[in-house]
Amino acid sequence: MKPIHVGLLGLGTVGGGTLTVLTRNAEEITRRAGREIRVVRAAVRNLDKAKRTAGDLPLTTNPFDVVDDPAIDIVVELMGGLEPARELVMQAIANGKHVVTANKHLVAKHGNEIFAAAQAKGVMVAFEAAVAGGIPIIKALREGLTANRIEWLAGIINGTSNFILTEMRDKGAAFDDVLKEAQRLGYAEADPTFDIEGIDAAHKLTILSAIAFGIPMQFNRAYTEGISKLTREDVRYAEELGYRIKLLGIARRAEAGIELRVHPTLIPARRLIANVDGAMNAVLVKGDAVGPTLYYGAGAGAEPTASAVVADLVDVTRLHTADPHHRVPHLAFQPDRLAATPILPMDEVRTAYYLRLSAFDRPGVLADITRILADGDISIDAMVQKEPAEGEEQVDIILLTHVTVEKNVNAAISKIEALDTVVGQVMRIRLEELAAK
Ligand code: NDP
Ligand code: HSE
């Protein structure tokens, strides 16, 4: 059978990794796909920079040369960003080409429009590399767990922030130094605030939630909080209490809607997912039939991400000649059967909390705080008062609460911060047990 022709948009970390893996494993990949997958052209901005990676591969600085090339069957978008990536993907689809992308920003923001266009044109858009790098989590959710009603999922889905948290905990490293190292290693986004402010994780969570629950992509409704305000003290106190802090993306079916939230989270240190370190990713999925399942692997980097890109290329190659109606739907559910389940406002989310505050070591302080919490229907699970540092009058107080409603905690925090005896702001970190039930 004649080779299937691929055009690359982008030949950077992931594009370069994809070319390397396709070349090195060409024979195995052809045996699996049933025909050769041949890259015939790549678009970049800087030709000189790309020459070494490209070898004999023809290059262009005009990405429309790739999407409009009649000889190309599959366009692989590995440029990143929204524009011109969106326009190029839409044009590739309009030209009847299949698309593979690692661009979670694009899929989370414009997935609904892209999938509708692909559906109408009868082409495939594959995006395994967009979530959790090399972990085949899209395939697991869309196909392997298809019998299940997914109850919740929770994932470490940003390698950069997990790398930063791990280095802060293990080496006491400074935030900015570790971020620079993550950039050097090719883990970080072009704009690293996407990593440290939870935006990249929210893009990925948006995609996972759509596939898990059969809902449209709703990035704008995701609650997003990153790791930039975490302190080394919080990381240490969490450890002392038997927890680890991870940036988690959580999607959960609640009675009134779906929780969709990214934020730093205390997790019991004994959970497997709490021990996922460095740039590794892991996603815990709870299905009603299978129970909890955990998927672990490299969440970023050239070849791990290329592993997912090439898997998509093989899938598309195998299904290229299949009747479009026999293909797996983009979002796992038939496009006309997506649900309108609302996303729950963050105020209505129920979870437990770690609260840290600094207060003067005087009689009655703890009584004031516990009264405020009790008035807000917030029950305390544990409380620790640290020794004051030498010559200091203030002490750190750490409270763990039982599960309660977010809006009650926010109201209580405002009242606690207004006490004369409390200094500065209360640090609030959500806490999840992630138990099997
Ligand atoms: P890089 O910055 O390393 O590479 C981007 C490539 O796209 C470069 O070759 C760049 O060319 C090219 N490019 C960008 N804009 C244009 C344009 N307008 N016209 C032509 N070429 C263009 O990015 P990554 O490889 O790290 O990321 C690519 C995508 O994969 C992103 O969506 C990212 O979020 C995603 N991703 C990245 C992972 C990682 O570990 N790095 C993991 C999972 C997903 P030039 O160099 O000449 O500017
Ligand atoms: N910047 C991303 C991360 C790349 O650190 O996880 C992988 O999507």
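Some ground rules before the tour: because the model is predicted, local features need pLDDT of at least 70 and side-chain atom pairs count only at pLDDT 80 or more, while totals for chains, interfaces and linings use all residues. Residues are numbered from 1 along each chain as its sequence is written, chains are lettered from A and ligands numbered from 1 in the order in which they are written, and side-chain values use heavy atoms, with hydrogens and water left out.

Let's start with the sheet. Six strands form an open sheet with parallel pairing, in the order S3-S2-S1-S4-S5-S6. Pairing means that DSSP finds at least two bridges between two strands. S3 and S6 are the edge strands, each pairing on one side only.

Now a few of those pairs. S1 (residues 4-9) runs parallel to S2 (residues 37-43), and six bridges join them; Gly7, for instance, has Arg41 of S2 as its bridge partner. S2 also pairs in the parallel sense with S3 (residues 59-60), over two bridges, and there Ala43 is partnered by Thr60.

On to helix H13, residues 302-319. How do H1 and H13 pack? H1 (residues 13-24) meets H13 at an angle of about 65°, with axes 8 Å apart, and the crossing is right-handed. Axes are lines fitted to C-alpha atoms, for helices over the stretch in contact, and angles run from 0 to 180 degrees between N-to-C directions. Right-handed means the near helix is turned clockwise from the far one by less than a right angle, and left-handed means anticlockwise.

H2 (residues 26-33) packs on H13 too, at about 35° with the axes 9 Å apart. That contact, meaning heavy atoms within 4.5 Å, uses Ile29, Arg32 and Ala33 of H2 with Val310, Val314, Thr317 and Arg318 of H13. Those residues split into four nonpolar, one polar and two charged. For the classes, Ala, Val, Leu, Ile, Met, Phe, Trp, Tyr, Cys and Pro are nonpolar, Asp, Glu, Lys and Arg are charged, and the others, Gly among them, are polar.

On a 1 Å grid over the protein atoms alone, a cavity is a set of points where a 1.4 Å probe fits but cannot get out, and a pocket is an open set with protein on both sides within 12 Å along at least five of seven lines; lining residues have an atom within 4 Å of a point. Points join across faces, edges and corners, and volume is the space filled by probe spheres set on them.

The second largest pocket has a volume of about 1000 Å³. Which helix gives the most to its lining? H13 does, with 11 residues. The lining has 44 residues, with Val125, Ala126, Arg142, Asp315 and Val328 nearest the centre.

Finally, there is one cavity of 30 Å³ or more. The largest cavity is about 50 Å³, lined by Leu165, Thr166, Arg169, Val235, Arg244, Ile245 and Lys246.

Technical notes:
Helices (H or I, at least four residues) and strands (E, at least two) are DSSP runs, numbered from the N terminus.
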